[in-house]
Amino acid sequence: MKKIEAVVKPFKLDEVREALSEVGIAGLTVTEVKGFGRQKGHTELYRGAEYVVDFLPKIKIEVVVTDDIAEQAVEAIIKAARTGKIGDGKIFVSAVEQVVRIRTGETDEAAI
């Protein structure tokens, strides 16, 4: 099993969710986060004063999938989240050792 974490622009959330649904992924976790990479924030003007916005709003999407659809899920996220501009985000894929569904006690792939 793999855990896929994708950090994307907020307005791309619905497109990514739909793309993952088409691949067969039913559940995901979404968190509003802030951060920066190569963008390094930007400068804004407010009431005549200039200030730097260091951390930009992003959305972090987390899904756990079986090994056989992990690559499809990553490709779906890339296609849905890409704008071609700086700040499109990143995808992290890591191995998951164990999953347990609390309600039923099901484990591993049965618990996904």
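In which segment is the place of aspartate 108? Select aspartate 108 to begin: its place is in the segment after strand 6 (89–95), where helices (H or I, at least four residues) and strands (E, at least two) are DSSP runs, numbered from the N terminus. This is a predicted model, in which local features need pLDDT of at least 70 and side-chain atom pairs count only at pLDDT 80 or more, while totals for chains, interfaces and linings use all residues. Residues are numbered from 1 along each chain as its sequence is written, and side-chain values use heavy atoms, with hydrogens and water left out.

Most residues other than glycine have a negative phi. With a relative accessible area of 32%, aspartate 108 is partly exposed, a term for values between buried (under 20% relative accessible area) and exposed (over 50%), computed with a 1.4 Å probe on protein chains only.

Next, select strand 5 (56–65), which is mostly covered, with seven of its ten residues buried. Strand 1 (2–8) runs antiparallel to strand 5 and is joined to it by seven bridges; two strands count as paired if DSSP finds at least two bridges between them. Along this pairing, isoleucine 4 has valine 63 as its bridge partner in strand 5. Strand 2 (residues 29–35) also pairs with strand 5 in the antiparallel sense, over seven bridges, and there valine 33 has lysine 58 as its bridge partner.

Now turn to helix 1 (13–23), whose buried residues are Val16, Ala19 and Leu20. Seen down the helix axis, these residues fall within an arc of 95 degrees, so they line one face of helix 1; the arc is that of the directions from the helix axis to the C-beta atoms. Strand 5 and helix 2 are included in what covers them. After helix 1 comes glycine 24, with a positive phi near 105 degrees.

Finally, select leucine 20 and display its contacts (heavy atoms within 4.5 Å): leaving aside neighbours within four places in sequence, they are Ile25, Leu28, Ile61, Val63, Ala73 and Ile77. Leu20 is also among the residues with the most contacts inside the largest nonpolar core, which has 19 residues. Such a core is a set of buried Ala, Val, Leu, Ile, Met, Phe, Trp, Tyr and Cys residues joined through side-chain atoms within 4.5 Å. Helix 2 (67–81) is one of the elements that supply at least two residues of this core, and helix 2 gives the most, with eight residues.
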